[in-house]
Amino acid sequence: MTFRATVLTLYPEMFPGHLGTSLAGKAAARGEWSVEAVQIRDFAEDKHRTVDDTPAGGGAGMVLKPDILAKAIDSVAADNRPRLLMSPRGKPLTQERVRELAAGDGVVIVCGRFEGVDQRVIDGRALEEVSVGDYILSGGEPAALILLDAVVRILPGVMGNVLSGTHESFETGMLEHPHYTRPQVFEGQEIPAVLTSGNHAAIEKWRQQQALKLTKERRPDLLD
Ligand code: SAH
């Protein structure tokens with residue numbers, strides 16, 4: 001099954017971006033997933049191809065027009081893929097939501113620009129607002145690339161080593177334990193002895209203790 005992403009944007013040249021490289025790029029070349037960027041401006045009707053207008057009620061900036069954006073959304077074949085809107089007001093993206101999305105057929109993603117999009121198109125097209133963090137980007141495109149990166153890397157067959165995903169931060173409800181590799185001594189610091197002991201039970205126990213300690217220190221909210 002192929003995971004299909006359709007991204008509605010004023011900057012289609014930003015896709016596939018970094019997802020055209022590395023493991024994601026190779027997986028796309030094998031046909032395991034695809035991303036298609038749709039230019040919202042192609043649905044504008046006037047000769048200036050206007051996509052935005054001033055905010056009702058006044059204030060700074062511009063707002064994406066609902067009529068043009070709705071036409072762009074409606075041009076995407078009706079199917080059961082979730083329709084997302086990248087938005088700082090959205091629900092913060094979690095690994096749990098990423099996993100749910102990766103289990104589906106794909107996504108349709110609307111990238112906002114300017115001050116954002118007219119509320120009536122969010123409501124009228126039932127867009128699910130998704131945030132990638134508590135900061136403001138200049139547009140939804142990098143946020144869409146972050147979401148797609150997180151989804152694509154867990155699609156079956158994309159990551160070389162299937163097991164390497166299972167201990168990861170958030171998958172266990174905790175941050176991950178620290179990693180080490182050769183050389184045995186680096187700038188006078190040794191690899192913790194337990195990791196080279198060959199005792200798998202002791203290694204697993206140490207990793208769990210470290211994960212718990214880090215999570216308590218850095219992200220106690222994850223343990224609540
Ligand atoms: N005026 C808006 C911010 C607009 S930023 C506000 O204060 O809420 C322009 C566009 O960038 C948004 O429409 C959205 O698509 C995208 N964007 C900005 N920050 C984002 C974030 N943290 N997560 C997801 N999308 C974001």
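I take contact to mean heavy atoms within 4.5 Å. The model I am reading is predicted.

**Entry 1: helix α1.** I looked up which residues of α1 (residues 22-29) are buried, and found A24, G25 and A27. I then checked their placement: they lie on the same side of α1, because they cover an arc of only 160° around the axis. On the other side of α1, I noted S22, K26 and A29 as exposed. I next asked what the buried residues of α1 pack against, and recorded β2 (33-39) and α5 (140-152). Just after α1, I found G31 with a positive phi of about 85°.

**Entry 2: pairing of β5.** I followed strand β5 (residues 83-92) to strand β6 (residues 106-111); the two pair in the parallel sense over four bridges. Opposite R83 I located V108 of β6. I also traced β5 to strand β7 (residues 128-131), where the pairing is again in the parallel sense and runs over five bridges. For K91 I noted V130 in β7 as the bridge partner.

**Entry 3: the largest pocket.** I read its volume as about 610 Å³. The lining holds 24 residues, and I listed P92, L93, T94, Q95 and E96 as the closest to the centre of the pocket. I recorded β5, α3 (95-102), β7 and α5 as the elements that give two or more residues to this lining. I found that α3 gives the most, with six residues.

Technical notes. Residues numbered from 1 in each chain as written. Predicted model: local features only at pLDDT ≥ 70, side-chain atom pairs only at ≥ 80, totals over all residues. Heavy atoms only, no water. Buried < 20%, exposed > 50% of the residue type's maximum accessible area, 1.4 Å probe, protein only. Arc of directions from axis to C-beta. Pairing = 2+ DSSP bridges. 1 Å grid on protein atoms, 1.4 Å probe; cavity = no way out; pocket = protein on both sides within 12 Å on 5 of 7 lines; lining within 4 Å. Points joined across faces, edges and corners; volume = space filled by probe spheres on them.
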